[in-house]
Amino acid sequence: MEYNFNEIEKKWQRFWAENRTFGAENRSPKPKYYILDMFPYPSGAGLHVGHPLGYIASDIYARYKRLKGFNVLHPMGYDAYGLPAEQYAIQTGQHPAKTTEQNINRYREQLDKLGLSFDWDREVRTCDPRYYKWTQWTFIQLFKHYYDNNAQKAMPISKLVETFEKEGNANVNAACDEKTPQFTAAEWSNFSEKERQEILMHYRIAYLSDSMVNWCAGLGTVLANDEVVNGVSVRGGYPVERKLMRQWSLRVTAYAERLLKGLDEVEWSESLKEIQRNWIGRSEGASVFFPIEGDNRSFEIFTTRPDTIFGVTFMVLCPEHEMIAEITTSEQKAEVEAYVTWAKNRSERERQAEVKKVSGVFTGAFAVNPLTKERIPIWVSDYVLAGYGTGAIMAVPAHDSRDFAFARHFNLPIIQVVVPDGEQPEDTDTWSESKDSKSGTCINSDFINGMPVKKAITAVIDRLVEMGIGQRKINYRLRDAIFSRQRYWGEPFPVYYKDGIPYIMDESELPLMLPEVESYLPTSTGEPPLARAKDWTYKGCPIDYNTMPGFAGSNGYYLRYMDPHNDKEYFSAEAAGYWQCVDLYVGGIEHATGHLLYSRFWNKFLHDIGKSCVEEPFRRLVNQGMIQGRSNFVYRIKGSNKYVSLHLKDNYETDPIHVDINIVDNDVLDLEKFRQWRPEFADAEFILEDGRYICGYEIEKMSKSMFNVQNPDDIVEKYGADTLRMYEMFLGPIEQSKPWDTKGIEGVSRFLKKCWKLYHNADNNFCVSDEEPTAEELKILHRTIKKVSEDIEKMAYNTSVSTFMICVNELTDLKCGKRKILEPLCILLSPFAPHICEELWQLLGHTESVTFATFPTWDEKYLAENNCNYAVSFNGKTRFVVSLPSDMPKEEVERQVLQMPDTQKWLQGNTPKKVIVVPRKIVNIVI
């Protein structure tokens with residue numbers, strides 16, 4: 001029987017589907033293990049070979065855990081809302097739901113071909129009303145809660161109202177907007193309904209406010225920072241402007257400290273944890289109030305280094321700061337307004353990245369240093385961001401690189417106030433850059449002169465508090481998440497407006513489903529597409545026209561997998577109590593500051609209200625690397641349709657052109673297929689080397705535009721899914737990026753064929769004996785079990801594949817066809833190559849899937865080394881190696897070595913002067 005992977009793989013894929021082989025149960029005496037992949041957005045392009053890398057890695061682990069006796073939950077679904085489907089709808093008029101359904105069907109077909117052990121009965125799609133009902137339900141809960149800083153958890157807003165009714169808000173310690181007004185119980189009772197709702201909006205975890213956003217008129221929506229590059233949208237390249245808009249937001253900042261502390265509880269890489277720590281950006285310092293000269297107002301700054309307040313020579317406001325218009329002098333007004341308009345339309349990412357580009361404008365106004373009473377000019381510059389601190393800074397150019405560059409550019413004073421340890425004070429006019437001030441001694445600083453930095457910080461804060469012009473403060477770089485988009489294809493908000501006040505729909509009305517519209521574009525007046533819907537009302541009141549952002553549905557999908565068919569609640573307490581959290585999460589590191597952060601926030605909130613059982617949703621996280629494309633190039637001679645081969649191109653002036661990798665084999669171009677590829681190449685001429693056209697190559701991101709996308713379907717058709725699975729793991733460590741190269745895939749294919757032959761005789765008939773294995777065969781098997789077991793736990797799959805190859809080669813050399821060796825080997829290999837192992841398992845006489853076998857264990861007694869190798873040398877030069885029993889006495893080793901023919905050959909009749917035996921290592925004969 002030949003190894004026919006096409007028939008075998010289709011057979012077992014049907015079997016798994018028909019028998020629900022990978023179905024998980026919410027009740028089981030087995031220990032649970034929840035393995036999850038970051039679910040994909042179903043794009044029209046389908047999967048390329050880079051996409052399955054993480055899926056295969058998690059699948060190996062899922063199959064391994066089942067074999068180890070675990071009840072494994074390994075689900076899959078689709079992050080189905082996205083801008084591409086909506087843009088396609090705008091261009092073609094086809095409803096995004098139809099496009100998405102077609103794309104999902106394509107993805108499912110491709111995923112099934114890979115033999116992935118997903119529990120498809122638990123599939124979720126974020127665009128399914130049965131799913132997004134619970135996204136809407138969670139939004140309602142967020143709206144109905146506030147964050148109590150004393151309790152350090154979310155509490156019902158009704159509790160807050162009770163406090164307001166009794167004593168106002170003077171003693172309330174809750175996360176809220178900085179401009180929340182203070183009021184008494186009597187004032188609360190006299191407020192109108194609108195006034196009360198506006199005050200409550202300052203506290204709600206899901207709240208409506210005016211926010212600076214990235215507005216893209218070309219796409220008709222707000223974009224996230226990572227969707228904007230160099231002032232244009234990533235998708236479509238449309239201009240993007242910074243704009244103040246009324247938006248829904250989530251008060252993620254309330255959870256900043258818990259998000260930080262939770263990182264200590266999870267098994268994530270330190271690099272990923274550090275990315276989140278930096279994004280959250282906790283810093284301790286002081287808030288200080290600087291009076292405005294000639295005005296009774298002041299503005300607040302936050303600084304981590306209040307000790308440097310004596311070195312402040314100018315102040316800087318962010319372009320979005322609300323006080324700019326009020327303090328700018330008439331002489332400076334036109335220049336300031338022009339600069340503010342320019343700067344506000346630049347993304348924060350651009351502003352942070354361009355550290356060497358200095359720009360700014362003087363407002364004409366001055367502040368007063370609250371400690372020195374000196375006049376300080378107030379400037380505006382885009383290097384100060386609105387979202388961090390207060391959007392205003394005290395600039396200390398002697399000890400901050402960006403302040404230093406700004407001061408040099410605009411010829412502003414620079415005063416040294418810290419002398420680094422081991423240095424002397426210097427003339428700042430001679431400096432080419434700012435001085436480090438993390439440690440050192442204070443100078444030019446009044447009452448803190450001579451103090452070390454750490455002591456000086458405390459002393460200045462104490463003085464500021466004593467004077468009533470500042471206070472200790474912890475600040476976070478993290479910002480609240482803008483949660484609304486002006487798109488059609490997204491979750492509708494269960495919000496209606498009565499007298500301009502937002503109210504939440506009754507939960508019994510969920511899901512609020514997307515209405516039909518005649519166009520997916522914004523209206524002529526600039527309102528979102530939902531404004532086009534007929535009778536988009538609730539109880540006669542208009543429903544919110546916005547939809548939720550793309551990340552809304554992915555915030556809690558891992559919870560819905562626990563109980564996906566429950567139409568009464570998000571998930572049952574029983575299901576959550578059993579599965580608890582995701583034990584292993586596999587996905588890309590690009591989600592570190594988006595999905596992974598928001599999911600943790602979402603989960604912590606649900607934990608606060610008694611839904612989620614644990615605070616952290618993802619216990620262990622593995623970030624798979626990227627499989628890069630190996631692009632091929634042809635070289636066109638300028639001004640012609642003639643193409644010169646790689647090693648001859650230096651003789652000509654050429655342009656490199658990407659060529660489809662599917663018409664290149666081992667860098668050799670198929671000339672006829674190239675001519676047929678595109679019309680402009682039909683008459684192509686070639687300058688060949690040795691009768692062949694050799695293409696150049698580069699390692700690049702896999703992309704359709706570079707024609708280097710390798711479709712996994714083609715690999716499966718040619719080599720089989722098991723070969724693809726093992727080859728992707730063989731390419732290198734799972735966490736590292738690596739180039740795709742089909743040169744090595746033939747070796748994996750030969751390995752599987754060789755493995756198949758172990759179980760068959762020379763006539764290709766299945767042939768496994770019940771003969772007892774030899775000690776050497778047992779040693780090979782148990783060594784393999786030990787190495788593969790350790791590798792799987794570490795997800796070091798590339799070395800597992802190498803170990804399997806060594807094992808099969810050694811067993812082949814021994815002509816081993818024994819059941820007691822080959823049956824455990826079949827189980828051991830099955831997580832990596834499940835199709836061939838299912839077939840072999842059945843041939844071995846089993847009627848149940850290999851999935852339900854027991855993973856083999858190794859026995860140390862079979863791994864003991866009975867023999868060891870001695871290097872036999874003459875006068876220090878090794879001449880041959882001999883194997884002898886490990887426990888042989890030194891005297892016997894010497895006797896046996898001296899009697900060997902090889903020894904006699906090198907002695908040439910001489911009598912050894914001395915023989916040195918190092919046990920289990922060397923024998924050195926001196927002659």
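Which residue in S14 is the bridge partner of Phe366? That would be Pro377. Keep in mind that we're looking at a predicted model here.

## Strand S14 and its neighbours

Let's stay with S14, which covers residues 375-380. Five of its six residues are buried, so the strand is largely enclosed by the rest of the structure. One of its partners is strand S13 (residues 361-368), and the two pair in the antiparallel sense over five bridges. S13 and S14 also make a hairpin, with six residues between them. Have a look at Lys373 in that turn: its phi is positive, at about 65°.

Strand S12 (residues 314-317) pairs with S14 as well, but here the strands run parallel, joined by three bridges. In this pairing, Leu317 sits opposite Val380 of S14.

## Helix H26, mostly tucked away

Next up is helix H26, residues 834-843. Eight of its 10 residues are buried, so this helix too is largely enclosed by the rest of the structure. The buried set is Pro834, His835, Ile836, Cys837, Glu838, Glu839, Leu840 and Trp841.

What do those buried residues of H26 pack against? Five helices turn up: H1 (5-19), H2 (52-67), H21 (721-730), H22 (745-758) and H25 (819-829). After H26 comes Gly845, which has a positive phi near 105°.

## Salt bridges across the chain

The count of salt bridges comes to 59. Take Asp177 and Arg251, whose closest N and O atoms are 2.9 Å apart.

Glu810 and Arg783 are another pair, with their closest N and O atoms 2.3 Å apart. They also link distant parts of the chain: Glu810 belongs to helix H24 (residues 797-813) and Arg783 to helix H23 (residues 775-794), 27 residues apart. Glu810 is partly exposed at 26% relative accessible area, and Arg783 is partly exposed at 34%. Then there's a network, where salt bridges that share partners join Arg258, Arg600, Lys604, Asp608, Glu615 and Glu616.

Glu270 and Lys273 form a salt bridge with the closest N and O atoms 3.8 Å apart. An α-helix has 3.6 residues a turn, so residues three or four places apart point the same way. As for Lys273, it has 7% relative accessibility and counts as buried, because the cut-off for buried is under 20%.

Finally, the surface. Ile916, Val918 and Ile922 make a nonpolar patch of about 190 Å². Val918 is part of strand S36 (residues 914-918), and its relative accessibility of 31% puts it in the partly exposed class.

Technical notes: Residues are numbered from 1 along each chain as its sequence is written. This is a predicted model: local features need pLDDT of at least 70, side-chain atom pairs count only at pLDDT 80 or more; totals for chains, interfaces and linings use all residues. Side-chain values use heavy atoms; hydrogens and water are left out. A salt bridge is a side-chain nitrogen of Lys or Arg within 4 Å of a carboxyl oxygen of Asp or Glu. Buried means under 20% relative accessible area, exposed over 50%, partly exposed in between (1.4 Å probe, protein chains only). Helices (H or I, at least four residues) and strands (E, at least two) are DSSP runs, numbered from the N terminus. Contact means heavy atoms within 4.5 Å. Patches are made of residues with over 30% relative accessible area and no salt bridge: like charges are joined within 9 Å, nonpolar side chains (Val, Leu, Ile, Met, Phe, Trp, Tyr) within 5 Å. Accessible areas come from the Shrake-Rupley method with a 1.4 Å probe; for residues, only the protein chains shown count as cover. Two strands pair if DSSP finds at least two bridges between them.
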